[in-house]
Every structure is written in structure tokens, then in C-alpha cells.
Amino acid sequence: MEAMALRYLNKNILHHINIIESIKRHQANIIRSDIHGGVLFDVPSETYMISCDSLEDYKRLLQDIEEIKECEVFQSWAKSYVQEKYHLIHRDTYYQAAILKEFPVTIPKPTLTIRCLNENDISLVKTFYPTNDYTYVIQRLKEGTLFGGFSNNKVIGFIGIHDEGSIGLLVVIEKYKRQGYGLALLYFIIHHFIKNNRIPYSQISHTNQASRFLHQKSRDGDFNRCD
């Protein structure tokens, strides 16, 4: 079933990059799959990922699935059907961005000391990382997927990897913004992915203009909307 799922998903790699990477990392359960679509469940994020060629394919592949609490629908024209079927609230619209070609190895200035954070850094994160969900951020820290950028022993910002495998958690402390640190952090995590034989990819909210601009500066390539 995995080969069949990848056959469909690889028809548009950028659009499906998060599902493809989830399968490659053996963290996706393939629920339904054929040449016209697939329904997968990403275990770490507890999210269904659904992509099909037509609305009829959506109805066919979802007919035996009685409950879905969290899902990502990859065709905008199918969103209302899935939301109504499973009584889901609206989710934001995202763009996929991925490095699918050779990437420059030189990390731009300014130079940062960037390291993986650990449990000794929890108080630092709670002091400087702006969020309403410290439970999730600390979970990423404990999983070894949250990194801190430092200059002269002062924390400048953070970047990490979300539970489903995308680049995210990027924060630059206010007084250090617009000095190139965000791009330096992004380049670091891109090379972290490449070093570990993974495709770097992000999911960027269509309302997050700053993130979209930053990814364009990093030569991430074309954006593909994923609803």
C-alpha cells in the first residue's frame, strides 16, 4: 500500500511533501490509498492527511471512516465537504515550501552559535519564547528538536522542528529583529535536515507575510498552497 500511496503523492511532490516525508520516516499509517488519492494518519501530530483527484474520490475513500478530529485537506474544493462530514472547525490555509534542489552550504552572517536545547534550558525558553502553549514547545525541546541561537552568550532566537516534521518554531527576540538572525536560524535548520538526509520543508500560513518573505530570501523555491 505504501508504494501505491507514493505513486499518487509523487505526482506533485511539493504539494504533498509533508505526507511523503511522514511515510519516509515511518510515522504515517496509510488508511486508504489508490491511484486517485490517499488517506493517511500522521501519528506524532495525530492528524489525518487527505488528498484526492476528485470529490467523488474523497467520498469513496472516506466512506468507512466514521470519526476524524484533526485533518489536513490538500484540495481547497474538498475542504467544506470534509468539515461538514466530520463537524470540523476551519483551519488556516498554508503554503508548502521545500528545498528540492541543491542548496548553498554557506550560512549567512551574522554568525550565531546555535545548539540543541535541553531540559537545563527550560527556564530560558519560558523567559524568552513567546507562546500560549509552553507544553508543546517544551515537548519539542525534550524531543531534541528545539534549537537556540546565541551571540556573546545572549539568546537571540529559536528554531525547531514540529511534531509532524516541518520546520517551524522560529522566533527572533524583538530587539534583535531585522538584523539577519532569522535567516541565519533558517539556514541552520535547513542544513540540519540535509545532514540527516531529510528534505527541508515548511508549512507557512498565508497570513504570515514575514515568514513567506524569509523563505523566499532563503531560495526555498516556489510556494504551493495546501488547504
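A pocket here is an open set of points on a 1 Å grid over the protein atoms alone, where a 1.4 Å probe fits, with protein on both sides within 12 Å along at least five of seven lines; lining residues have an atom within 4 Å of a point. A volume is the space filled by probe spheres set on the points, with grid points joined across faces, edges and corners. The model is predicted, so local features need pLDDT of at least 70 and side-chain atom pairs pLDDT 80 or more, while totals for chains, interfaces and linings use all residues. Residues are numbered from 1 along each chain as its sequence is written, and side-chain values use heavy atoms, leaving out hydrogens and water.

**View 1. The largest pocket holds about 1000 Å³ of space.** Its lining has 38 residues, and the closest to the centre are Leu169, Leu170, Asn208, Ser211 and His215. Two or more lining residues come from each of β3, β9, α7, β10 (201-205) and α8 (209-217). Helices (H or I, at least four residues) and strands (E, at least two) are DSSP runs, numbered from the N terminus. The lining divides into 17 nonpolar, 14 polar and seven charged residues. Here Ala, Val, Leu, Ile, Met, Phe, Trp, Tyr, Cys and Pro count as nonpolar, Asp, Glu, Lys and Arg as charged, and the others, Gly among them, as polar.

**View 2. The largest nonpolar core has 37 residues.** Such a core is a set of buried Ala, Val, Leu, Ile, Met, Phe, Trp, Tyr and Cys residues joined through side-chain atoms within 4.5 Å. Buried means under 20% relative accessible area, exposed over 50%, and partly exposed in between (1.4 Å probe, protein chains only). Val125, Leu146, Phe158, Ile159 and Ile189 have the most contacts inside this core. At least two core residues are supplied by each of α5, α6 (134-142), β7 (146-151), β8 (154-161), β9 (167-172) and α7 (181-195). Helix α7 gives the most, with ten residues. Another core, of 15 residues, lies apart from this one and includes Tyr58, Leu62, Ala78 and Tyr86.

**View 3. Phe128 lies in helix α5 (residues 122-128).** Phe128 is partly exposed, at 39% relative accessibility. Beyond residues up to four places away in sequence, Phe128 touches Val155, Phe158 and Ile173; contact means heavy atoms within 4.5 Å. Asp121 sits in the loop between β6 (113-116) and α5. Asp121 is buried, with a relative accessible area of 8%, and touches Arg115 and Leu141, again not counting residues up to four places away.

**View 4. Strand β2 (residues 37-42) pairs with β1 and with β3.** Two strands pair if DSSP finds at least two bridges between them. Six bridges join β2 to β1 (residues 28-34), antiparallel, with Gly38 as the bridge partner of Ser33. A hairpin of two residues connects β1 to β2. Strands β2 and β3 (residues 47-52) are also antiparallel, over six bridges, and Gly37 stands opposite Cys52. The hairpin between β2 and β3 has four residues, and Glu46 in the turn has a positive phi of about 55°. Five of the six residues of β2 are buried.

**View 5. Helix α2 (residues 17-24) is mostly covered.** Seven of its eight residues are buried: Ile17, Asn18, Ile19, Ile20, Glu21, Ser22 and Ile23. Just after α2, His26 takes a positive phi of about 60°.
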